[in-house]
Amino acid sequence: MARSTNNGPSMVDVAREAGVSLKTVSRVVNEPDAVRPATREAVEAAMGRLGFRADYAARSLKLGAYKTVGLVFFELKGGEMSVLSGISAAAAARGYAITLVTAREGESLTLGEAARRMSTLPVDAMIFNLGRMVDDFEGYRSPVGLKTVIVTPFEQAGCTTVSDDQAGAARMAVRRLVELGHRQIRFIAGPEESLASRNRELGWREALAEAGLSAAEPERGDWGADSGYEAGARLAADTGCTAILAGNDNMAYGAMLALRDAGKRVPEDVSVIGFDDSLPGIVPCSQLTSIRFDHALLGQRAFEEALDPDSAPRRVLVRPALIERASIAVARS
């Protein structure tokens, strides 16, 4: 891999420019962590001055890897951005790059098509961030020699799946409300197609059943604060309701405003919990109790699984934390 293009500068040129051996330049390209920082910086500066680019096809032959992981996002909005940040940080820490592919506008991308597109690119493994269900989820299998890890709350027979423990998070929130004496705990769900919303609703139902409590039909929103306000206005008229678990912080915040506009006090009359812990830094002095997910750890776990070609398919769940603030209290008598 002495030359990046047929006419471009070679590693010999870089070595001469930096005043180091050809072997040192090769190590900077192939094993940068094995080179002293000062030397590495001098060589990289010489590469920059000369416009040198490594031949990564040759590098993959030499090392048996491209040092790149393919990342496919079926949706790229809202909470997916924090997942992307977590995976990117994990890749950077290991000296890997990311090749990102996203679904086209209005496209119903399948796992098989995503794998086909990604397999034409120089990547060592693939991570699929699946924000919604796809038609070929159950039957999908990784291409030979190209492992797939799927970020999804569901198990998949042929691939390792990694996820925040969405259902477990909802169970954690409901159990805390039950400890505080709440018996009529309502749920504001997100969009029906959302996997996160489905699993948060599942956890809410499971925890209520565990406590011997019944589940009223959930309200439904669209993740936005306005839809939370509308759901909160309807729940304000529910005289039995003493607690609300909302599918995300935006809807929880909207519900809190609606309750207060209806003359209900939070938390004295109705306790409220959200998900994602996304309001600090956006809403001044936010008092909302919320579930915090560790997306940096999720990204790290997904990345580690992708780089382990020999591990059998399994389900990996990343435990969340309940961040308790002033929006919950002992249930009213």
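Begin by selecting strand S3 (residues 125-129) and strand S4 (residues 148-151), which pair in the parallel sense over 4 bridges. Within this pairing, Asn129 has Val151 of S4 as its bridge partner. The model on display is a predicted one.

**The parallel sheet**

**Where H5 meets H11**

Keep helix H5 (residues 80-93) and helix H11 (residues 295-306) in view. Their axes come within 7 Å and cross at roughly 55 degrees. That angle makes H5 oblique to H11. The crossing of the two helices is right-handed.

To display the contact, select Ser82, Val83, Gly86, Ile87, Ala90 and Ala91 on H5, together with His295, Ala296, Leu298, Gly299, Gln300 and Phe303 on H11. By type, the residues of this contact divide into 7 nonpolar, 5 polar and no charged.

**An aromatic pair at Phe303**

The model holds 5 aromatic pairs. One of them joins Tyr96 and Phe303: the ring centres are 5.4 Å apart and the planes stand at 80 degrees, so the pair is edge-to-face. Which parts of the chain does this pair tie together? Tyr96 lies in the loop between H5 and strand S2 (97-102), whereas Phe303 lies in helix H11, so the pair ties together parts that are 207 residues apart in sequence.

**The mixed sheet**

Now turn to another sheet. Here 6 strands form an open sheet in the order S7-S6-S8-S9-S10-S12, and the pairing is mixed. Its edge strands are strand S7 (219-220) and strand S12 (321-323), each of which pairs on one side only.

Select strand S9 (residues 271-275) and strand S10 (residues 289-292). These two pair in the parallel sense over 3 bridges. Phe275 stands opposite Ile291 in S10.

Helix H7 (residues 166-179) lies across strand S6 (185-189), strand S8 (243-246), S9, S10 and S12, and runs at about 165 degrees to S9. Helix H10 (residues 249-261) lies across S6, S8, S9 and S10, and runs at about 160 degrees to S9.

Finally, select helix H1 (residues 11-18) and helix H3 (residues 37-50), whose axes come within 9 Å and cross at roughly 120 degrees. The crossing of H1 past H3 is right-handed.

Which residues of H1 meet H3? Asp13, Val14, Glu17 and Ala18 do so, and their counterparts in H3 are Ala42, Val43, Ala46, Met47, Arg49 and Leu50.

Conventions. Residues are numbered from 1 along each chain as its sequence is written. This is a predicted model: local features need pLDDT of at least 70, side-chain atom pairs count only at pLDDT 80 or more; totals for chains, interfaces and linings use all residues. Side-chain values use heavy atoms; hydrogens and water are left out. Axes are lines fitted to C-alpha atoms, for helices over the stretch in contact, and angles run from 0 to 180 degrees between N-to-C directions. Angles under 35 degrees count as roughly parallel, over 145 as roughly antiparallel, 65 to 115 as roughly perpendicular and the rest as oblique. A crossing is left-handed if the near helix is turned anticlockwise from the far one by less than a right angle, and right-handed if clockwise. Contact means heavy atoms within 4.5 Å. Ala, Val, Leu, Ile, Met, Phe, Trp, Tyr, Cys and Pro count as nonpolar, Asp, Glu, Lys and Arg as charged, and the others, Gly among them, as polar. Two strands pair if DSSP finds at least two bridges between them. Rings of Phe, Tyr and Trp (its six-membered ring) pair if their centres lie within 6.5 Å; planes under 30 degrees apart count as stacked, over 60 as edge-to-face and the rest as tilted.
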